Every structure is written in C-alpha cells, then in structure tokens.
Amino acid sequence: MLTLEQTQKTAEKLRSMGTYGHFINGEWVNGHSGKTIDLYDPTTRKVLGSIQAGDPSDVARAVDAAHAAFPAWSASSALERQRLLLALGEVMRKRQLDYAVMDVLNNGKPIREAMGHTGHAADIFDYYAGAAHQLKGEVLDQKDATVIVHREAIGVVAQIIPWNSQMTMAALKLAPALAAGCTVVLKPAETVCLAVLEFIKDAAGIIPPGVINVVTGYGADVGEALVTNPKVRKVSFTGSRDTGAKIIQYASVNIIPQTMELGGKSANIICEDADLEAAAESVVLSTVANKGEICFAGTRTFVHKNIREAFLDTLARQLANVRQGDPLDPATQIGPQSSSIQFDRVKAYIELGRKEGAKVAIGGEAAKVPGFEDGLFIQPTIFTDVDHDMRIAQEEIFGPVTTILEWEDEAELLARVNDNIFGLGGGVWTQNLARAHRISRGMETGIVWINRYYNIRSGQPLGGYKQSGFGRDNCLDTVLDYTLQKSVVINLAEGPLGLFGAAAAPGAGAHH
Ligand code: NAD
C-alpha cells in the first residue's frame, strides 16, 4: 500500500525538474528560438520545470530525423517491434511511482489515479507488442490472377496529445504507430508533459534514433508546421473539437489521413430498474475522476422520473464521502483542476448554469483545502432542474460538473441523448438485457458501458461518433490505420490480350 510519506518523499526528489529539451534523432536538444515555457503545479501554483517553446525549424529537424529513420524501422521484423514495445512497457513500470508523482505534480490528478494511468500506459505497450504480429497482408486467389495485398507502414506520423492524461495518451499514440513500422514526431501539451519527457529520457537508450521524436511547444507555433510538413504522412490527434477542426484543415494541405479523438458530452442513462447504489457511484466517479477532465465523462445523467428522488439522495450521500485534497495523498479522490485556464473555465460554466436557471444541488464553488490555499480546487458540482437546451447540458465543461436530466419515455430519451454535437461515451443502467441492448444501439456514440462506467478494456476501440471525431485508438484497427494497402496483381493468363492484332493467348481476356 502506497503511503503519503512515500509519495511526499518521491515528490521532494522530483519537484525541481529542470529544463527538458526536444528529443530529436536520439538526442536532447535545445530549441532554435532559445525560448522556454514554465510548467506549474496546480496544487501550489509553483513552477516545476520548463520545456522548449518549439518553432517550425525544430519541427523540420524532428520530421527529417523521423523520415531518415523510416526505411530501416518500417523494414524491421514484427519481433523487433514487439521487443521494443515490451521494453517500453518495462521502462514505464520500472519508475511507475516516479512518473505517477510527476503527473500528480504537473496535472493535479490524485496519486491513486496517476498510478492507475501509468500502469495502464505500460499495459498499452504490452498489448500493441502482440499486435505487431497481427499485421498481415492478404492473398486473393483467382483463376487467372493472384492478388497480393501488402500492408505497408504509412511513413512519418505526427501525433498531438492533450494534458489530461499524458501517459496513457502518449502510449495510445506511440505504441500502435511503432507496431505498424511508422516513425513518429510527438507533440505533447505545453501545460502538462513532464512525465512523458522523463519517460522518453529513460527510454532513450532503447529507441532507435529518429524512431520517436518529441517536440514541445505551443500548439499554434508547432502544430501547423508539423501537420503540413510534406514528409508527414498521417496525423493522429487527441484534444478539443476546435483544435481538431484546425488540424483537419492543415491535413488538407497535403491530403494526409487523420485520426481525431475529440470532445464529449456523454449521457449516463439510469433506468427505473437500475441498481441505484452502483449507478450513483458511477455518477460520482464520472464527476470526480481526474477532476472531470476526461473526454468520456458522463456529464449528462438522465435519471428516470420515478426514481429521481431516491437517486438524488443516494448520489448526495455518496458525494459527501468524496475526499478532496492533496493529490499526493493516496486517500485523496479529487485534486485541483490542471491549470488556471481550466479552473476559470469551469467556474465560468458553473456561473452560466446558475444564470441559465439550473439549480446547484451540490457544490458549485471553488473548494478550500487547508494547507493548499493557492490550489485550483473546485467542489464536485451537481446541477438539477436542467433543461436539455441549456449550454451546461450541451457543451463540454471538462471539470467536476454533472448535469441531471429526467426522462420517462425511451424514444424521447434517445432523441434528447442524440441531440448533441458529440458522441463519445455513454452509460446505461438497467437489469433488463433487452432494454440495455435497445438503448445502447439507439445511442449515437462510440462507447456504451452497461452497468459499469469507465469499464475500459484492452483492445476495445475508443473513439467517437459525430463531432467527437473519427478513427479509433486502443485496438488493432489503430495499427491498420497507420498502414496503407498495396495490391499487387499477378496476371496468370500470360500473353497478349489480343486487342491490336496480337494473337490472343487462350483465356487472356478474362479479368474480373
Ligand atoms: P487542445 O485542443 O487545446 O490541445 C490539445 C493539443 O493540441 C495540445 O498539445 C495543444 O498544444 C495542441 N494544439 C493547440 N492548438 C493547436 C494547433 N493550432 N495546431 C496543432 N496543435 C494544436 O485540447 P486540450 O484542452 O489540451 O484537451 C482537452 C480536450 O481534449 C477536451 O475537449 C477533451 O474532450 C479532449 N480529449 C479527447 C480524448 C478522446 O480520446 N476523445 C481524450 C482526452 C481528451
């Protein structure tokens, strides 16, 4: 069992993190501009360390390195790729506590979650280590032709990730691309990325130079140069809808394919026959996990009218037990928001909800945590009396704020659930199997969890419908999306076709 003393001791060792360079061609280098960006601890608002403020010339250097490394890496065997991926998983596990503490310090997530996320990141490398062997071509056997369908690595890929879950995001992007034989330029978020950089530092010795490159910096300074570089053949992005829309435009410059994992406003549907304790627990979990900074969060809870009061009582009782405080404390269940931008944004949404006429049933204020007066804490907040059209019921808040809506009729429920630009996650709580299937199939969303929210499984496709994006992470299809198919058609009916006076060979004209 992890103790506060242990995590505090680790934090002391790691609190002054210094300045990280870009990681290009196996080396740590300073950025061309010489400018750096400070990264903060949202629990104390003190500076933790700094990163390079990259610019287009840093990007060009990283892309060139990835491009030079591509021929050898794409020609490597599945075994070689498997070994690298397993080794990356090992590196992740070896200093799991250190990375988790760095994530706590930089992001504010509670240590119990950070340990889980870091362990999950290691598992993602293990999963894709196996997937490396599943990359196979195909043969179409026909009477007069054999078609060999090769799967070839697409080339250099740009990967851009957000700040909410840096380790799992990095693993979800890097692992399938490496398994496919691609080389990578990764751009982590400028506010939270120290644990990823430390992980790459530890892994540097086993990464063939140029296979993974990391360029840090502001999105606007680095992103366009990266995605529009003619040597980049695909972009995989996780982040907000609006940034995603920009990246799709950049990708149109050289017509490169995109994977887009964007925002959400997921519906968690509680039916009349639900296990109320378990369903309420899922709503608490969804509100507080990672302080609500999770794209899949079930921020629209639809409760059946007949159980509304009982459900709200259960919810209030469970929420009262949530421990908010020092994220280094293994007992803590909710820490501070990741940054002051995020803190202000969530507070503004809570104010907006009040103005729109919704009722703050629980929370609704910045939270005071003794000893951490500068911390960016917000109370877990539940809105009731919420109308479907209110902005707090339609827009992604990305904080510990859940709206409660009521429903009675299933068809009308589904119409409201689907009347949203997003379609990422979702939950259904019922003992009735037919109803569970009916509702889940009726939801326009990429994931539905029945009777347990956030039940994420190895190999399960993760991704959205509608403006939550397209493409899937966390599964074998992700690897395929880093490849292109090439059809080599071998003609078995030899000789001329007989079109221009040449004597046709028997059967030469038959082709389908
Ligand atoms: P963001 O879009 O602001 O930033 C994401 C990344 O994009 C960062 O690295 C940022 O520097 C970069 N970026 C910003 N502007 C850019 C530009 N013009 N060109 C290229 N890159 C640019 O998102 P965020 O606030 O960091 O993350 C929160 C969002 O991410 C939420 O909307 C959340 O739902 C979403 N998210 C989605 C998933 C998923 O799997 N669908 C997972 C986690 C987070």
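1. Lining of the largest cavity, by element. In this predicted model, two elements each supply at least two residues of the lining of the largest cavity: helix α14 (410-418) and strand β17 (422-423). The space in this cavity comes to about 70 Å³. Its lining has 13 residues, and R300, G423, G425, E444 and T445 are the closest to its centre. By class, the lining of the largest cavity divides into 5 nonpolar, 5 polar and 3 charged residues.

2. Cavity count and the second largest cavity. With a cut-off of 30 Å³ or more, the count comes to 2 cavities. The second largest cavity holds about 50 Å³ of space. Its lining includes G264, K265, G292, I294 and C295, and A297, T299, E396, I397 and F398 also line this cavity. In class terms, 5 of the lining residues of the second largest cavity are nonpolar, 3 are polar and 2 are charged.

3. Largest pocket, size and centre. The volume of the largest pocket is about 1400 Å³. Its lining takes in 50 residues, and those nearest its centre are W163, E190, S240, T243 and Q342.

4. Largest pocket, elements and domains. At least two lining residues come from each of β3 (36-41), α8 (219-228), β10 (232-238), α9 (241-253) and α12 (340-356). Of the elements, α9 gives the most to the lining of the largest pocket, with 6 residues. Both domain 1 (4-262 + 468-487) and domain 2 (267-450) contribute at least three residues to the lining of the largest pocket.

5. Second largest pocket, size and centre. The second largest pocket has a volume of about 1000 Å³. It is lined by 41 residues, of which H117, A289, I294, Y454 and I456 are the closest to its centre. I294 is also among the residues that line the second largest cavity.

6. Second largest pocket, elements, domains and classes. Helices α5 (111-131), α6 (166-180) and α10 (276-288) are the elements that give two or more residues to the lining of the second largest pocket. The most comes from α10, with 6 residues. This lining also draws at least three residues from each of domain 1 (4-262 + 468-487) and domain 2 (267-450). By class, the lining of the second largest pocket has 18 nonpolar, 14 polar and 9 charged residues.

Terms used. Residues are numbered from 1 along each chain as its sequence is written. This is a predicted model: local features need pLDDT of at least 70, side-chain atom pairs count only at pLDDT 80 or more; totals for chains, interfaces and linings use all residues. Side-chain values use heavy atoms; hydrogens and water are left out. On a 1 Å grid over the protein atoms alone, a cavity is a set of points where a 1.4 Å probe fits but cannot get out, and a pocket is an open set with protein on both sides within 12 Å along at least five of seven lines; lining residues have an atom within 4 Å of a point. Grid points are joined across faces, edges and corners, and a volume is the space filled by probe spheres set on the points. Helices (H or I, at least four residues) and strands (E, at least two) are DSSP runs, numbered from the N terminus. Ala, Val, Leu, Ile, Met, Phe, Trp, Tyr, Cys and Pro count as nonpolar, Asp, Glu, Lys and Arg as charged, and the others, Gly among them, as polar. Domain bounds come from an automatic or database domain assignment.
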